[in-house]
Amino acid sequence: MINFIICEDNKNVRDLHEALISKITMPYDFDYTVHSFEKYNNNLKKIINTPSNLKIYILDLELPGKTGLEIAQDIRKVDWDSIIIVLTSHDELELKLFKEKLLIFDFISKFDLYDKRMKECILACINKVLNDETLPLLSAMAVSLA
């Protein structure tokens, strides 16, 4: 079971993610659930703190209340196995996000090949789960550290 957790304050973008996940997962034979949130709340907190099979978080960086960065920090306090994808319209924050050392899988600009990058990320995550492959980001880091 894969849990996709979307936290995005724009309903149209949330709906786009849900549709994209449904379209991409259609040819595969596995169970998944999509949880959508417009902001951090007790239900999202409960998901973060509940051990489960793989979770793939898709977090907008700018959210009312708690930011996507703060949510990613909360996730990493209890879970280093889940995948986190961060979305934003502020490219200049990419370096700051990676400096937090939260093992962010990808940082996707909402203005730079957004649909293509989201599809690639979701497919890479699904392939990781189904084929137990190394995620591209992590394998690139291992090569650079060698």
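Three aromatic pairs are found in this structure, which is a predicted model. Take Phe4 and Tyr32 to begin with: their ring centres lie 6.0 Å apart and their planes meet at 85°, so this pair counts as edge-to-face. The two residues come from distant parts of the chain, with Phe4 in strand E1 (residues 2-7) and Tyr32 in strand E2 (residues 32-37), 28 residues apart. Their surroundings are worth a look too. Phe4 has a relative accessible area of 0% and is buried, whereas Tyr32, at 29%, is partly exposed. If you follow the ring pairs onward, they join Phe4, Tyr28, Phe30 and Tyr32 into a cluster.

Another ring to look at is that of Tyr40. Here the charged end of Lys66 sits over the ring, 4.3 Å from its centre.

Now turn to helix H1 (residues 11-25). Which residues of H1 are buried? They are Val13, Arg14, His17, Leu20, Ile21, Ile24 and Thr25. These residues cover an arc of only 125° around the axis, so they lie on the same side of H1. On the other side of the helix, Asn12 and Lys23 are exposed. As for what covers the buried residues of H1, the list includes strands E1, E2, E3 (55-60) and E4 (83-88), together with helix H5 (114-131).

Strand E3 brings us to Ile58, which has its place there. Ile58 is buried, with a relative accessible area of 0%. Leaving aside residues up to four places away in sequence, Ile58 touches Ile5, Ile6, Cys7, His17, Ile21, Ile85, Leu87 and Met118. Met118 is 60 residues from Ile58 along the chain, yet the C-alpha atoms of the two are separated by 9.5 Å.

Finally, a word on confidence. The chain has a mean pLDDT of 82, and 82% of its residues reach 70 or more. Where in the chain is confidence highest, and where is it lowest? Helix H2 (residues 42-49) has the highest mean, at 96, while helix H6 (residues 136-145) has the lowest, at 37. Over residues 134-146 pLDDT stays under 50, and for this stretch the model has 12 contacts beyond four places in sequence.

Notes
Residues numbered from 1 in each chain as written. Predicted model: local features only at pLDDT ≥ 70, side-chain atom pairs only at ≥ 80, totals over all residues. Heavy atoms only, no water. Phe/Tyr/Trp six-rings, centres within 6.5 Å; stacked < 30°, edge-to-face > 60°. Helix = DSSP H or I, 4+ residues; strand = E, 2+ residues; numbered from the N terminus. Buried < 20%, exposed > 50% of the residue type's maximum accessible area, 1.4 Å probe, protein only. Lys NZ or Arg CZ within 6 Å of the ring centre and 35° of its normal. pLDDT = per-residue confidence, 0-100. Contact = heavy atoms within 4.5 Å. Arc of directions from axis to C-beta.
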